[in-house]
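Work through the exercises below with the sequence and the structure at hand, and try each task before you read its solution.

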Amino acid sequence: MIKVTFIEHSGDVHEIETETGSSLMEVAMNNDVPGIDADCGGGCSCATCHVYVDSAWLDKLSPPDAMEESMLGLNTMREENSRLSCQIDTSDELNGLVVNLPEFQG
Amino acid sequence: MSTAVDNTSSGERDIHDPYAYELDEIDVSLDERFEKNTFEGFFERLRKEDPVHYCAESENGPYWSVTRFEDIMKVDTSHGIFSSEGGITIAEGQADFELPMFIAMDQPKHDEQRRVANPVVGPMNLKEMEPIIRTRVQTILDSLPVGETFNWVDKVSIELTTQMLATLFDFPFEDRAKLTRWSDVATAALGTGIIDTEEERQAELIECLTYFTELWNQRVNEPPRGDLISMLCHGKATKNMDPMEYLGNLVLLIVGGNDTTRNSLTGGVLALNENPAEYDKLRADTSVIPNMVSEIIRWQTPLAHMRRIALEDTILNGKHIKKGDKVVMWYVSGNRDESVIADAEKFIIDRAKARNHLSFGFGIHRCMGNKLAEMQINIAWEEIMKRFKNIEVVGEPVRIRSAFVKGYSELPVRLEAW
């Protein structure tokens with residue numbers, strides 16, 4: 001089990017204990033974290049699971065592939081720490097991960 | 001059942017019967033089947049027997065039909081293999097009247113232009129638009145004649161979406177009917193009562209360009225503001241567009257922001273009438289509305305397809321697609337694919353995972369205005385349910401003769417207040 005934390009734009013905090021192996025998007029969906037729609041079901045093709053990853057964790061993630069890069073690139077609210085949470089696989093290494101949810105997905 | 005027949009090849013047969021054809025003769029792109037609402041059986045057959053289907057001869061030349069959800073996802077998200085450049089409908093544009101628009105471009109130009117237009121439907125604008133939309137919906141609904149038969153399409157769906165579009169463009173409000181007209185003209189099949197020739201279409205679209213060029217010239221000399229015209233004429237990637245490119249992007253935004261929401265607003269009324277138990281569910285608990293909106297958009301699938309051109313030889317679900325082949329993704333079929341969507345043929349307003357539908361497309365061309373569309377339809381149903389116990393469909397809907405824009409020109413209804 002690892003702990004991941006989603007912080008809504010409003011400031012509401014969701015601390016979640018989860019098994020590893022599923023994507024961060026799935027963790028959010030399974031725990032009813034608001035602001036993650038995941039319309040494409042994890043296919044990296046709708047960009048409705050956008051998160052801002054806390055800077056302490058950025059270098060622990062593998063960089064976005066071309067498709068994720070394309071989908072993020074269309075968003076004018078993209079930041080350097082923007083990622084699609086369906087592309088982040090939870091692992092022991094990410095125990096303690098903190099991500100912020102963007103206002104535009106609220 | 002219609003008695004229309006096709007006697008061009010193998011004698012008389014019912015063109016609306018999917019089993020009146022050999023598999024390789026099936027051409028799902030006939031506009032007439034969309035008008036008569038008989039297309040579904042053809043897609044059902046293809047999903048079962050030949051999910052990636054080649055049609056060697058059609059009015060629009062040879063083309064592949066992709067009919068299953070997963071295969072459509074694959075094509076839609078493989079923009080390096082399946083190109084949008086030059087057009088996104090099965091019908092070819094006119095070579096002498098090409099309308100470049102970002103939906104019909106590949107990377108990187110697509111991304112550059114889309115990013116300019118994107119903020120108009122961004123979260124800040126949506127928040128500002130919410131109360132405006134609500135007030136307009138209220139005004140429109142309060143003006144409707146309770147207890148009399150009227151056309152829902154004209155009085156509600158068109159009126160509401162056209163007002164919204166006028167707001168997005170900051171278009172002179174009194175002239176807003178022009179937007180509806182240009183939207184219809186841009187997509188109409190010839191001879192269906194809107195226009196009869198390509199020349200007529202071009203003439204009216206040039207009028208559209210002339211009108212919008214005036215708006216451009218006003219706004220380019222004013223400080224930038226939040227409407228679409230101002231964004232385009234001040235945006236780095238769009239400020240030097242030539243006139244046809246400007247027209248192309250206008251048509252994209254007019255059609256994209258108009259026909260689609262319009263037909264979902266009508267489709268929802270029809271779906272609830274065809275499924276009275278669902279209507280009862282809605283009356284019992286209106287908190288289901290956001291979920292219902294996604295289900296309406298899936299059920300209606302306001303754009304039946306999008307087309308691509310293969311940039312290289314590739315294999316899709318076992319079929320060899322050649323470089324240059326036309327590939328049509330039938331969203332209208334994928335949204336009924338039982339292998340991904342349980343009870344796909346049923347309209348279920350509290351369906352689980354209702355957002356997981358194809359109507360907005362996926363990948364870099366995914367609908368830009370989807371949040372605005374959902375918001376409009378949401379507000380419409382919230383305000384409808386406050387006022388009317390029943391919107392009763394009292395006659396047959398008249399459907400549009402088009403394999404692209406899947407919608408209605410008439411839906412006779414009668415309202416009953418609470």
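**Exercise 1.** Which radius of gyration does chain B have, and does it agree or disagree with that of a compact globule?

*Solution.* Bear in mind that this is a predicted model. Begin with the length: for 418 residues, a compact globule would have a radius of gyration near 22 Å. Then take the value for chain B, which is 21 Å and therefore agrees with that expectation. As a further step, look at the box that the C-alpha atoms of chain B fill, which is roughly 55 × 55 × 40 Å along the principal axes.

**Exercise 2.** Describe the make-up of chain B, going from its elements to its surface.

*Solution.* First, chain B holds 15 helices and 12 strands. Next, among its contacts with a separation of 6 or more, 67% join residues 24 or more positions apart. Of its 418 residues, 57% count as buried, while the accessible surface comes to about 17,200 Å², with 51% of this belonging to carbon and sulfur atoms. Finally, chain B carries 47 positive and 69 negative side chains, and the centres of these two sets are 5 Å apart.

Terms used: Residues numbered from 1 in each chain as written. Chains lettered and ligands numbered in written order. Predicted model: local features only at pLDDT ≥ 70, side-chain atom pairs only at ≥ 80, totals over all residues. Heavy atoms only, no water. Helix = DSSP H or I, 4+ residues; strand = E, 2+ residues; numbered from the N terminus. Rg over C-alpha atoms; globule rule 2.2 N^0.38 Å. Buried < 20%, exposed > 50% of the residue type's maximum accessible area, 1.4 Å probe, protein only. Contact = heavy atoms within 4.5 Å. Areas by Shrake-Rupley, 256 points an atom, 1.4 Å probe, with all protein chains shown as cover. Lys, Arg positive; Asp, Glu negative; His and termini not counted. Charge placed at Lys NZ, Arg CZ, Asp CG, Glu CD.
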